[in-house]
Amino acid sequence: MRLFRLLKIATVASRFGLDEMVLEHEPSGRLVRLANALQFWRNLSAPRAERLRLALEALGPIFVKFGQVLSTRRDLMPTDIADELARLQDRVPPFDSALALKEIEKAYGRPASEVFAEFDPVPVASASIAQVHFARLHDCDGGHEVAVKILRPNMLSVIEHDLALMDSGALLLEKLWSDGKRLKPREVVAEFAKYLRDELDLMREAANASQLRRNFTDSELLIVPEVHWDFCTSTVMVMERMRGTPISQIDKLRADGIDLSKLSAAGVEIFFTQVFRDGFFHADMHPGNIFVHADGRYIALDFGIVGTLTDSDKNYLAQNFLAFFRRDYKRVAEAHIESGWAPKETRVDEFEAAIRAVCEPIFDRPLKDISFGKVLLRLFQTSRRFNVEIQPQLVMLQKTLLNIEGLGRQLDPELDLWKTAKPFLERWMSEQVGWRGLIKTFKQEAPYLARTLPQLPRLVHQALSTPAQPSLQPQMEQLVRARRWQNVWLALIALLLALLLGSQHL
């Protein structure tokens, strides 16, 4: 099976000239000329990025998904390729409805007609990993209208073969392409494999949805569908059916009386709330996954990819964002070095100047005049120059920021991201490091202190009554003396061997 798959991949790669994209980096140019001569019938007039996108689409859902992930790695991909791959959409041809019904029966051990009171065999959405059908539960189960997400059949067996082939191709790319090692294609494939395996477990996605819903309970900004856990398995996920307008349908939103300026500002607040309050954010916020409710609230869908941040990550990011907003580039440079992301020997003044050159031109300009893609690309280029390590969790954040940029441009090109986000970050920082932060920390530690404080007198008594341990100093001195004598004997043996070898050559 792997051999046949490899032959198909090779055929598609040849048809779209992907071999040329790799071989053209060979210094002499002989290999690319030979490949083109042997495959003279090919039409390679289209730009390389377009040919790559078409090849990934021809290879199927897994490769489409890989292209989507590559499009977010603007720190690694050339700009033309990243822009073209960003055009890959989640909508791919759906699989047959009969297969969907078989997957339901396999998951529940009974046909769909027994599980659901109604089930629409025509999918309403189809993506690279799964597709969605509308249904209704039986009255005894609540009679709720639901959306049923079904994993594509036989994905697990296909994916391992494709990932193994991708890894082999990445290894070949590293060897043949001059930029191969810098672009780290094998690391990109490994990162893709991790997220893809996570998406293949719909129980994990259901848990992500449940967590996000809990984080935004009674929110006036965001609605997250309820998960019906009794009907969730690793291959089928059942959640509340949501009704709303796709956020890409701007004209319909205006006709429905939605305030687009307010909506765009709410989107920024939702993003920063997820990142800095919760450290848990929806990391796949493209227009296909975002709807707008009739009351103006956002509706989030598809929770296969989420990002998480530690408290130290959040603190680092908040300091950087605030420093950016205040144009304090020296603080940005210092934060990188203090966090260990930039080498300790980095000169703060040089790093500060490089960051200023990237960020200063974008301030006091509306969102329509700013390209976060270009800004992030220049920041990553600056990072490489100063050997800054790009953290994986920040790559997810970068992807989400790019999605936010796209949504913001659609809704309100005049949105001032800096003025919208700065008050939120300042409030968050005061809650973390001010008197509010002290009270919050004390409340979190109160249960531990309540258990520990009554034990302190006993622990102090035990420490004072325990006999002092004998000093280890004499043993250490003895070991040092023994090591010195060992070195002396080794030197004498080496000298004797040298004399013996010298006498044999006289």
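This is a predicted model: local features need pLDDT of at least 70, side-chain atom pairs count only at pLDDT 80 or more; totals for chains, interfaces and linings use all residues.
1. Two strands are taken as paired if DSSP finds at least two bridges between them.

2. β3 and strand β4 (residues 145-151) run antiparallel and are joined by seven bridges. One of the facing positions is arginine 136, which stands opposite glutamate 145 in β4.

3. Strand β1 (residues 116-119) also pairs with β3 in the antiparallel sense, here over three bridges. Phenylalanine 116 stands opposite leucine 137 in β3.

4. Strand β2 (residues 125-126) is another antiparallel partner of β3, with two bridges between them. Alanine 125 faces valine 132 of β3 as its opposite residue. Three residues lie between β2 and β3, and the two strands form a hairpin.

5. How many of the eight residues of strand β3 are buried? Six are, and the strand, which spans residues 130-137, is mostly covered. As a general point when reading the side chains, those of a regular strand alternate between the two faces of the sheet.

6. A separate point concerns the annotated site. UniProt, in an unreviewed entry, places the feature "active site" at Asp284; such annotations may be inferred rather than shown by experiment. Aspartate 284 is in the loop between β8 (280-282) and β9 (290-292).

7. Is aspartate 284 buried or exposed? Aspartate 284 counts as buried because its relative accessibility is 5%, and the cut-off for buried is under 20%.

Conventions
Residues are numbered from 1 along each chain as its sequence is written. Side-chain values use heavy atoms; hydrogens and water are left out. Helices (H or I, at least four residues) and strands (E, at least two) are DSSP runs, numbered from the N terminus. Buried means under 20% relative accessible area, exposed over 50%, partly exposed in between (1.4 Å probe, protein chains only).
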